[in-house]
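User: Hi! I'm new to reading protein structures. Could you walk me through this one?
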Amino acid sequence: MGRAHVSTHQLVAGRYRLLEIIQRETNRICWYAEDTGAGEISRPCLVTQIGLPDDPRGAERRAAARLLRTTESMALLCPGRIAAVVDAVDEAGALWTVNEWIDGTPLGELLSEQGTFNYVRAARIGLELLDVLDAAHAEGITHGELSPGQVFVREDHSVVVTGFGLAGATFAPRLTAPAYASPEQARDQRIGPAADLWALGAILYTMVEGRPPFRDRGRPENTLKGVDRLPLRTPVRAGPLTRVVQGLLRKDSRERLTRPVVREALTRALSEDPEAALAAAPGPRLRGAYTAVRTGSPAWSRRTMVVGTALAVVTVAVAVLASTQGLPGTDSASDAAESPARPPASAATPGEGTGGDTPEPSGAPSPPKSPSPTPTPSSPSPTPTPTPSAPATALPAGFQRYRAAEGFSVALPEGWKRVDTDRQGDLRYRVVFGAEGDDRTLAVTYSERVGPDPVAVWRDEVEPNLKEEADDYERIGAIRATTYQGREAADMEWTADADGTRVHTFGRGFLLGEGRSFSLRWTTPDADWEDAANQEALRTILKTFRPGSA
């Protein structure tokens, strides 16, 4: 794709002054602008800049005329639902489209600010989009570029759609937002209405999950390859929309749901109790923070450990946690808790305490211990066991016992608190701990949908999605089978980039039996990983974590 550069001190097409960027997508920038050629008083307008591919055959020259014709036709079919295009020009290596000012907010911007929508709100917007697509498809018009950036939402929840006429205007399979391209577009095949239904499914997925089904991978060709070849990450927040989203996102266009079936499913979702959806939806999340657990089987899948973190106090480590969330788990309290392979095992063995859903100071009394079953893996890792040098009832200085309302407890550094909670029904939850100004985080995830082999969960369920979602993901060593509190467990360690910082994560997941599990993830900046304080904190967490009765 060509890259266009423009100064806001200059005019586009000699009359449109760019004032402020209101929305960005891959290869697309939307500006608040003013039309200085509209007489004595400048009028506000919406100017969209789309980079054009380098094409010596000059096919992109047709783009402006095609867009104007198609948009005019759609405006007649859907009055009030299609943004009127008043001008379109090819200038400075870009296609510039000019719309009358739209009294609404780009859906992509709403999602950036609010994180996720409950499924009732998502279904309402989905039905609005379906009305527009119904009208277009009845006249043989395919949008082909539908994405959150092409949808503006008014205060009354009605939508205005832009971007009709872009598809097919150049030889590029998709001009903008390749993460929302259909697999047939990714293969550069002829597209039709089914491509728009895929995009609708991807938008619904993004609204409820807070991230697109396939992430943008930098270069458009890499993103399109991921759309075509990678498996769909099962939605975990979609509630009654789950099946319709999955049905729209089938790779084979012939197998996608039809518009009447989609309409029935979305209409039915509007009658669902919105309170349940609101309870499951988190607040705003960090931009670019994605989860990375997949759910081919009910193991430590996306169902248990998905969702990005959204915090006002969140730091670099939380962002990574969000982009790589999803692990196995733990349960049952026993005296010995093995240390991870990498951290040194020379620290004192911390004891246990009791408490409510608030931290307790070091040295709190120890709760009675329950015997733990003893299933052991076939190949436990040769992890050294620390030598106890502290009383069993005391915690190391600077730690306090935290007992969660969910039933588990763990010793945390002083000043740490719960900074994010995600719950998907009674079968799974995730709690993130941290402190403002501290770049480290701990995530505790519980699930009742986990498979019998903890190593296989990491290898087959979690890591493929880490490779897809985490920037510059790199595993450290092998996935290690081990035991933890007498339970089958597995450890995995990796690094990744988060907002320009290299971060380091150690994950331990262990089984409770009957499909239940806990997982612990400890994340720090990679440069600080070997610090004695970090290693002691990790050992203390592993030694003191006690699962609840769940």
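Predicted model: local features only at pLDDT ≥ 70, side-chain atom pairs only at ≥ 80, totals over all residues.

User: Let's switch to helices. How do α3 and α5 pack?
Analyst: Helix α3 covers residues 119-138 and helix α5 covers residues 193-209. Their axes lie 10 Å apart, at an angle of about 165°. Since angles over 145 degrees count as roughly antiparallel, α3 is roughly antiparallel to α5.

User: Is the crossing left-handed or right-handed?
Analyst: The crossing of α3 and α5 is right-handed.

User: Which residues meet there?
Analyst: On the α3 side they include Ala122, Ile125, Leu129 and Leu133. On the α5 side, Leu197, Leu200, Ile203 and Met207 are among them. The residues of this contact divide into 13 nonpolar, 2 polar and 1 charged.

User: New topic: how many aromatic pairs are there?
Analyst: The count comes to 14 aromatic pairs. One of them is Tyr402 with Phe433, whose ring centres are 5.0 Å apart. Their planes stand at 70°, so this pair is edge-to-face.

User: Where do those two sit in the chain?
Analyst: Tyr402 is in strand β11 (residues 399-403), while Phe433 is in strand β14 (residues 428-434).

User: Are they buried or exposed?
Analyst: Tyr402 is buried, with a relative accessible area of 4%. Phe433 is buried too, at 0%.

User: Can you show me another pair?
Analyst: Take Phe408 and Phe518: their ring centres are 6.1 Å apart and their planes are at 75°, so the pair is edge-to-face. Phe408 lies in the loop between β11 and β12, and Phe518 lies in strand β20, 110 residues apart. Phe408 counts as buried at 0% relative accessibility, and Phe518 counts as buried at 1%.

User: Which residues do ring pairs link into a cluster?
Analyst: The cluster is made up of Tyr402, Phe408, Tyr429, Phe433, Tyr446, Phe518 and Phe545.

Key
Residues numbered from 1 in each chain as written. Heavy atoms only, no water. Axes fitted to C-alpha atoms, helices over the stretch in contact; angles between N-to-C directions. Helix = DSSP H or I, 4+ residues; strand = E, 2+ residues; numbered from the N terminus. Parallel < 35°, antiparallel > 145°, perpendicular 65-115°, else oblique. Left-handed = near helix turned anticlockwise from the far one by under 90°. Contact = heavy atoms within 4.5 Å. Nonpolar A, V, L, I, M, F, W, Y, C, P; charged D, E, K, R; others polar. Phe/Tyr/Trp six-rings, centres within 6.5 Å; stacked < 30°, edge-to-face > 60°. Buried < 20%, exposed > 50% of the residue type's maximum accessible area, 1.4 Å probe, protein only.
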